[in-house]
Amino acid sequence: RADHSNFAERDYIPDNQVRSAYDYVIVGGGLAGLVLASRLSEDSNTSVLVLEAGKSGDDVKDRINTPSGAYYQSIAGTEYDWNFRTVPQTNLGNRTISELRGKVLGGSTAMNAMYLVRPSKVEVDAWASLLAGDGGDPTTASRWGWDNLYNYMKKAEQFTPPTSNLAKVVNVTYDASFYGASGPMKVTYPAVMMDIAANWTSSCAAAGMPELKNPNGGVTLGSFITPSSINPSNWTRSYSRSAYIDFLPPRSNLHILSEATVLRFRLNDTKDKTGKLSANGVEYAKNSKSTSKIINVNREVILAAGALSTPKILMHSGVGPKDTLSGAGIGVKMELPGVGQRLQDHMTAPVVWSTPLETAGNIHASNSDFSKSREFNSFINDAVSFGNMSLLLNGGESTFQKQLLNLTDAAVNKLVPSSSAEVKAGYKKIYNLMATTFFDKAPQVELLMSLITPDVVAIQAAIQHPYSIGRVYVNSSNPWDAALIDPNFHSHWADRVLMRQGLRLVRQVGAAYGASLGQELVPGLATQSDADLESHLLYDPVNGAGSQFHPTGTAACLPQALGGVVDADLKVYGLANVRVVDGSIFPFEFAAHLASAGYGVAELASDLIKSKTYSTVSGSEQGTVPHDKTSGAIHLIPMLLPWLSLTYILSITVHFLHI
Ligand SMILES: Cc1cc2nc3c(=O)[nH]c(=O)nc-3n(C[C@H](O)[C@H](O)[C@H](O)COP(=O)(O)OP(=O)(O)OC[C@H]3O[C@@H](n4cnc5c(N)ncnc54)[C@H](O)[C@@H]3O)c2cc1C
């Protein structure tokens, strides 16, 4: 396929050429938004507009496209990052935690660490079961089960195996049939791997996590080298923009407007005959000083602004918990208690050792010709391992489980930051799921090896099924004021226990590495007791627990009786033509990185939306309004802005957060 990304003929349009109405207005040009844009505009009779708050990213294209740029020239902390921070976290000594999120076309896939790790079958099937009960519809719920979602995850991908030499030296094993063969997003392994990764699976096996030869096919427990979203034809990042948009010939029915922040969508004042409200327009502006504009919507508004922004837009549109909206001075159009609730994220922290071996960090620092080669700069961390409860608790799991179950009601009453009976019922149901089905069948901790800093190796432990629960909310009616992000990290005692045990498990893997690892630098051998490990995790501002950047749950796809925000069609309850398609719909954390599941959700949603027939009446589920197709010519704007040569000096903090 030709690469059209460098042509001025793209579908990006200046603000003064946006039409007055589109069939679909997609809010957010990130992972899900650009998948939807690409798929929905395949029908040339359908008009699609994407409104993206961030810039196009063309002036930092090289930093985004280079896989190792994720570490050495990251756009994190720049204007291409929302630079979110949580509110002070009571249980972390009032630390505020960084929540990186891409603010650019491609969204967080333009800055993420590119690991492709799917959730396990048991988790995805549990989601479908939750959707089918408590008043949900079992037929439509089943589409979110593993078999279907797996096919859609694969639909997004084109897998290329590693060279046989690389696979042999570093012990990369895979089953190509577990990946897609002809999708837009390229998936492979970096051209270069570090020798130290060769002992990853054997060291993990010595610590009780056997090698998983064929990952990403529904089973996650075990250790493996996972593929990444990399394009092997030129060793660049394959992300939602490069995979789904850049290679398309321009389409006159697809418009993408960057630097367009959506403030709210507008709802009709009266309900339709099914008792639902319809959205008729979307309000956006370039910045807080410019006048806002309204785009009319013929068919649907699709929210794809991500787990930390989608609930904010819902609330500013008058859809959300009544007490929150009233407190913020926002008129309630549709009371929906689950909006912004169920916020969860994976927390992670590293053990760091010195090493006599060469790391990618050493090569990068050498400034050699090789360090500047495309092949070297395709390097990205890829060694992961998933452990279960018995590994973490080492014989104490049945007591731990009893405690968890005995304290269910206490957790519901104390920890859920909502007075809604439905939200509490959902928390209780999912808590029980985690403390029973997931307890021994789903992974509880992820270990990730990082080789990006000179002379050190870091292995992180990230808890996968947190019991703590938080929320995103607003306290002002001004959409330009930041939302408050409060994951309530470590408010549940179990999370602290699991995380400190995770660090102990990491130390066992480190011990199995033997002489490849030198002195333990973080947290250091003096930190051994439960109390010292927990204190380090909670309070150390540099290497204590931080976010793995996987927030989710804030517009959960669950029955309304469980505090759900969207149904199995991803339609917002009570609204006729507003869907949410992004990372906020997962009802609980998966033991996975979320992009693969996110691509699956967006592909599946695209088919769902396309299968809907629109025929006559405006603003209702059945209808479409004839819209202006006359301005469909390609709009020319200068695309190749001068390349901005910026260096980004990563601090050790950034190195050890997520990655
Ligand atoms: C640093 C980092 C590392 C990560 N590493 C990995 C990894 O290795 N593997 C993995 O699988 N996952 C990883 N993730 C997570 C993964 O990238 C996300 O789960 C995924 O991108 C979420 O997709 P989304 O569509 O929900 O949101 P996003 O991709 O974040 O897209 C949301 C878009 O909406 C835009 N937007 C927000 N508000 C508005 C508004 N009001 N108006 C208009 N536009 C708006 C944003 O600017 C953004 O472009 C990582 C994330 C980060 C931040």
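Where is Asp134 found? Asp134 sits in the loop between helix H4 (121-132) and helix H5 (138-141), where helices (H or I, at least four residues) and strands (E, at least two) are DSSP runs numbered from the N terminus. The model here is a predicted one, in which local features need pLDDT of at least 70 and side-chain atom pairs count only at pLDDT 80 or more, while totals for chains, interfaces and linings use all residues. Residues are numbered from 1 along each chain as its sequence is written.

Back to Asp134: its phi is near 50°, a positive value in a residue other than glycine. Asp134 counts as partly exposed because it has 16 C-beta neighbours inside 10 Å. The burial scale used throughout calls a residue buried if 20 or more other C-beta atoms lie within 10 Å of its own, exposed if 12 or fewer, and partly exposed in between, with C-beta atoms placed from the backbone. Phe549 also has a positive phi, near 65°, and is not a glycine either. Phe549 belongs to the loop between strand S24 (546-547) and strand S25 (578-580), and with 24 C-beta neighbours inside 10 Å it counts as buried.

Now for the ligand. It is surrounded by 41 residues, the closest being Gly28, Gly30, Gly107, His593 and Ala595 (a residue is near a molecule or strand if its C-beta atom, placed from the backbone, lies within 6 Å of it). Helix H1 (31-40), strand S11 (261-267) and helix H20 (594-610) are the elements that give two or more residues to this shell, and H20 gives the most, with four residues. By class, the shell splits into 18 nonpolar, 19 polar and four charged residues. Here Ala, Val, Leu, Ile, Met, Phe, Trp, Tyr, Cys and Pro count as nonpolar, Asp, Glu, Lys and Arg as charged, and the others, Gly among them, as polar.

H1 itself is mostly covered, with ten of its ten residues buried; Arg39 is one of them. The buried residues of H1 pack against strand S1 (21-27), strand S2 (48-51), helix H9 (240-244), strand S10 (254-257), strand S13 (293-303) and H20, taking contact to be C-beta atoms, placed from the backbone, within 7 Å.

Strand S18 (residues 383-387) has five of its five residues buried, so it is largely enclosed by the rest of the structure. Ala383, Ser385 and Gly387 point one way from S18, Val384 and Phe386 point the other way, and all are buried. In a regular strand the side chains alternate between the two faces of the sheet. Strand S7 (residues 222-225) runs antiparallel to S18 and is joined to it by four bridges, with Phe224 partnered by Val384. S18 also pairs with strand S19 (residues 445-450) in the antiparallel sense over four bridges, and here the partner of Phe386 is Glu446.

S19 in turn is joined to S20 by six bridges, again antiparallel, with Leu447 opposite Ala461. These two strands form a hairpin with five residues between them, and Asp455 in the turn has a positive phi of about 65°. Strand S20 (residues 456-463) has eight of its eight residues buried, so it too is largely enclosed by the rest of the structure. Strand S17 (residues 347-354) runs antiparallel to S20 over seven bridges, and Val352 has Ala458 as its bridge partner.

A separate item is the open sheet of three strands, ordered S16-S21-S22 with antiparallel pairing. Its edge strands, strand S16 (341-343) and strand S22 (484-486), each pair on one side only. S16 is joined to strand S21 (residues 470-473) by two bridges, and Gln341 stands opposite Arg471.

Finally, the axes of helix H18 (residues 493-513) and helix H19 (residues 530-539) come within 9 Å and cross at roughly 100° (axes are lines fitted to C-alpha atoms, for helices over the stretch in contact, and angles run from 0 to 180 degrees between N-to-C directions). That makes H18 roughly perpendicular to H19, on a scale where angles under 35 degrees count as roughly parallel, over 145 as roughly antiparallel, 65 to 115 as roughly perpendicular and the rest as oblique. Arg496, Met499, Arg500 and Leu503 of H18 meet Asp530, Leu533, Glu534 and Leu537 of H19, a contact with four nonpolar, no polar and four charged residues.

Technical notes:
Two strands pair if DSSP finds at least two bridges between them. Two residues are in contact if their C-beta atoms, placed from the backbone, lie within 7 Å.
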